[in-house]
Amino acid sequence: MTSQVSSPAEQADSAASAEQGETSAVGEQRKPGGVKEVRRLDRVIIRFAGDSGDGMQLTGDRFTSETASFGNDLSTLPNFPAEIRAPAGTLPGVSSFQLHFADHDILTPGDAPNVLVAMNPAALKANLADVPRGAEIIVNTDEFTKRAMAKVGYEASPMDDGTLEAYSVHPVPLTTLTVEALKGYGLSRKEAERSKNMFSLGLLSWMYHRPTDGTETFLRKKFAKKPLIAEANVAAFRAGWNFGETTEDFAVSYEVQPATSAFPAGTYRNISGNLALSYGLVAAGAQADLPLYLGSYPITPASDILHELSKHKNFGVRTFQAEDEIAAIGAALGAAFGGQLAVTTTSGPGVALKSETIGLAVSLELPLLVVAIQRGGPSTGLPTKTEQADLLQAMYGRNGEAPVPIVAPQTPADCFDAALEAARIALTYRTPVFLLSDGYLANGSEPWRIPEVDELPDLRVQFATGPNHTDPDGTEVFRPYKRDPKTLARPWAIPGTPGLEHRIGGIEKQDGTGNISYDPANHDFMVRTRQAKIDGIEVPDLVVDDPAGPDGAGADTLVLGWGSTYGPITAAVRRTRVAGERIAQAHLRHINPFPRNLGEVLRRYDKVVVPEMNLGQLAHLLRAKYLVDTRSFTQVTGLPFKAEQLADALKEAIDA
């Protein structure tokens, strides 16, 4: 085997091309005597595709877990229909899982797969347009019957009519081989066929030298109550591995070394955005020394958070699955009044239903985390696809002047830190806070460094315990709306505390006393005070990545993003810089309030490009607040941006 050490410029070029989907061989082993050749690659993009009942998500998840344990950097893109069991063999019923893994730092699931595993004609047709010429395609030939091909519009087999002549095609009878491997297990043919995804996983595990022990342990644990099924799946997995080892059709296997230089020292695990967010909420409850209460109604793609938090009663977590969205947030707000760290989870349609209670939380000035995992809309829209189109709803979607802070994570692992930050703001400033994630982050995964406990912020708060005001006659009283002079937060008084009884409700309160008030001047004062409290939230200044050129000057063009566009934008910026262009990059986590230096940053550049998975909602806010002529680059396909398309858009903006 040969090794190659790259210069920094070459490494940057390698990282940039990786986000586009290219692979490069950095070394190889040639073995004599018929032993198969092993080639070393620096990155690979694999896409598993089949019917929604073929287990593609499980297959991709297992391959991802083994890749993470091996030490590669990785990024994933699950893509599946909204139906529990979509029509078999149809284009709308195709489920896929894309995994990009590398021996260096990567940022996206990749633009195009180097390897496509197509379990049936629908999977092939739905994904072929994304596959670059020369890529490898593994086809389950057993499923290419006349009826199955006709269902998706193939008049003849694409393996025979020249459709696939530009690709390296491996025709494999996956179903037949799986059934043959499981003959001795007493399963029906239908039961045996269900393990064909494990056969394909075994084959790809051999092809890319993935560990196998973890998958076998997982299968035995998953099917512990059905040991025969467990052993059958393990047997199918091993059969796939052995097939790769022995068949002449796969003459080469590949190695992708661990990404040892991509990660700071620490303990890592693979984590999805929803899991990281769940752990962040648990950590926030622990750091605040408060019970964590989740009031939730199941909705895609937020339901995983409810499922995960229900497992953690030992950390003082209580979960309540309500009968509807309104009951869920009502219970959460009640928990906040009772002194708990309260959370409600939902997606776009649920935010609309919760809006009245969010307004009540604004009026009551109680801490409440509203976790909104955005998806395609409007209405039911695209439940399993991603979008960033709920920003303006989070910003303004309530009656009256009801300002709410907004925090947006940028990667799956960052969902952990974003949850802690949202909790900090809610607890410190006594306000509901929107935590805006999306389906791409929620379902995607990447390596996450598990933090040490002493790295986590101290979120402890002080409840009101007695009178906080002296009347002119010398009487000591409790004023529920007497504010902290720095944060403008009101006291948090737990029900049942002697002497701290006070009114709650949605009718306007008198400043200080909290009594019902219809006084015009008081209402004006309270509205402006609530707004000033949000405007005064301390958030970090916006950091700009703008490396100076040889002449010491910075760029003329800034690309500014928010939320999950971070990975594709950063990958596109890398490509643009490798091509010799100057461009600056910044990314917003806090959208309400904006960082205090944002206006100055925007005015520093001649051109500001804002990529968003909506029709320009952040750009609208920036234009309104800072009078800056931002340039929107938008997409609402239900899929994340590709690095190449963003790089082209940035080049066009630079040249304009």
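This note sets out points on salt bridges, a helix crossing and a surface patch in a predicted model.

1. Salt bridges overall. Side chains of opposite charge can pair when their charged atoms come close. Across the whole structure, a search finds 27 salt bridges.

2. Asp54 and Lys196. These two residues form a salt bridge in which the closest N and O atoms are 3.4 Å apart. The pair links distant parts of the chain, the partners being 142 residues apart. Asp54 sits in the loop between strand E3 (43–51) and helix H2 (56–70), whereas Lys196 belongs to helix H7 (residues 196–207). Both Asp54 and Lys196 are buried, a class that requires under 20% relative accessible area.

3. Arg220 and Glu231. A salt bridge joins the side chains of Arg220 and Glu231, with an N to O distance of 2.8 Å. Arg220 lies in helix H8 (residues 213–222) and Glu231 in helix H9 (residues 227–246), so the pair ties together parts that are 11 residues apart in sequence. Arg220 has a relative accessible area of 34% and is therefore partly exposed; Glu231, at 31%, is also partly exposed.

4. Lys651 and Glu581. The side chains of Lys651 and Glu581 meet in a salt bridge at 3.5 Å, N to O. Because Lys651 lies in helix H21 and Glu581 in the loop between H18 and strand E22 (584–588), this pair ties together parts that are 70 residues apart in sequence. Lys651 is partly exposed, its relative accessible area being 34%.

5. A salt-bridge network. Salt bridges with shared partners join Glu216, Arg220, Glu231 and Arg238 into one network.

6. Helices H18 and H21. The axes of helix H18 (residues 566–578) and helix H21 (residues 643–655) come within 8 Å and cross at roughly 60 degrees. At this angle, H18 and H21 are therefore oblique to each other. The crossing of H18 and H21 is right-handed.

7. A nonpolar surface patch. Ile507, Ile516 and Tyr518 make a nonpolar surface patch of about 350 Å². Ile507 is placed in the loop between strand E19 (476–477) and helix H17 (520–535). With 40% relative accessibility, Ile507 counts as partly exposed, since that class lies between the 20% limit for buried and the 50% limit for exposed.

Methods:
Residues are numbered from 1 along each chain as its sequence is written. This is a predicted model: local features need pLDDT of at least 70, side-chain atom pairs count only at pLDDT 80 or more; totals for chains, interfaces and linings use all residues. Side-chain values use heavy atoms; hydrogens and water are left out. Patches are made of residues with over 30% relative accessible area and no salt bridge: like charges are joined within 9 Å, nonpolar side chains (Val, Leu, Ile, Met, Phe, Trp, Tyr) within 5 Å. Accessible areas come from the Shrake-Rupley method with a 1.4 Å probe; for residues, only the protein chains shown count as cover. A salt bridge is a side-chain nitrogen of Lys or Arg within 4 Å of a carboxyl oxygen of Asp or Glu. Helices (H or I, at least four residues) and strands (E, at least two) are DSSP runs, numbered from the N terminus. Buried means under 20% relative accessible area, exposed over 50%, partly exposed in between (1.4 Å probe, protein chains only). Axes are lines fitted to C-alpha atoms, for helices over the stretch in contact, and angles run from 0 to 180 degrees between N-to-C directions. Angles under 35 degrees count as roughly parallel, over 145 as roughly antiparallel, 65 to 115 as roughly perpendicular and the rest as oblique. A crossing is left-handed if the near helix is turned anticlockwise from the far one by less than a right angle, and right-handed if clockwise.
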